[in-house]
Every structure is written in C-alpha cells, then in structure tokens.
Amino acid sequence: MVLLVLRVVGGSFMLTHGLGKFKAFFSGEPIQFRDPIGVEASASLVLAVFAEVLCAILLIIGLSTRLAAIPLAMTMLVAAFIVHANDGFGRQELPLLYAAIYISIALIGAGKYSLDNLISKK
C-alpha cells in the first residue's frame, strides 16, 4: 500500500508540473524553455514533457514503473544540479526529494497494487 501512495503522490505532483509544459508545447507560441543539457530548447521541452507527463502517468497507474521512474529521476537530477546549480540548496531541495522518490521506485518496483503486478501474474 505504501508504494501505491508513493507512486500516486509522486506521479500526480509531477504531472501538475508537466501539464503546464505540455500546454506550452502545443500553444503555437515560440518555445521559451531552458536548454540545460544543450539539445535546444524545443528538444529540452519535449524531454521534460515526456518525463513529467507520460512517465508520471505510467508511474501513477503502475505500468512499466521501473522504466518510467528513470526519466523522472534524471529530469529531477538535471533540475537540481544543472538548472538550479547556482541557486543554493533551498532551490535544489525539492527536485532532489523527487529524485529520491523516483530512484526508490525504480529500485523497489511498483508494488502489489499496480498494473505491473497484475500483468506479471498472468
């Protein structure tokens, strides 16, 4: 039950961040997004939307959970150590907390109450 709560809360909170980026991507406006890893702003936005929307949804429902947690953890580590590198620990704390949640889920798995578990029983 604890993994279910961790997955749903961690995925839902991240989804709220991702939906704004998703809307921005399809708004038709010029893309104004940071490029922390040097792949151009539009590609950075696509990667963030992939992690924060698609992977967050997969995490919530518990499907391909371990794989979905990896891009989420990577996104949060980029946010902490590259985007907020000069902002101090106060700005790095939240992405590091998210990263810890996603790394834990990647290592432990989805748990009993997940589609991964349901599929593996068949």
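F22, F25 and F26 form one aromatic cluster. Rings of Phe, Tyr and Trp (its six-membered ring) pair if their centres lie within 6.5 Å; planes under 30 degrees apart count as stacked, over 60 as edge-to-face and the rest as tilted.

Some ground rules. This is a predicted model: local features need pLDDT of at least 70, side-chain atom pairs count only at pLDDT 80 or more, and totals for chains, interfaces and linings use all residues. Numbering runs from 1 along each chain as its sequence is written, and side-chain values use heavy atoms, with hydrogens and water left out.

Back to the rings. Searching the whole structure gives three aromatic pairs. Y98 and Y102 have ring centres 6.0 Å apart and planes at 5°, so this pair is stacked. Both tyrosines, Y98 and Y102, sit in helix α4, four residues apart, about one turn of the helix. Helices here are DSSP runs (H or I, at least four residues), numbered from the N terminus. Y98 and Y102 are both buried. Buried means under 20% relative accessible area, exposed over 50%, partly exposed in between (1.4 Å probe, protein chains only).

Next, S114. It lies in the loop between α4 and α5 (115–121). Why is S114 called buried? Because its relative accessible area is 10%. The backbone oxygen of G111 lies 2.9 Å from a polar atom of the S114 side chain. S114 also touches R7, I61 and G62, leaving aside residues up to four places away in sequence. Contact means heavy atoms within 4.5 Å.

Last, L77. It belongs to helix α3. L77 is partly exposed, at 31% relative accessible area.

Notes
Helices (H or I, at least four residues) and strands (E, at least two) are DSSP runs, numbered from the N terminus. A polar contact is a pair of N or O atoms within 3.5 Å; within protein, one must be able to donate a hydrogen and the other to accept it, and residues adjacent in sequence count only if both atoms are side-chain atoms.
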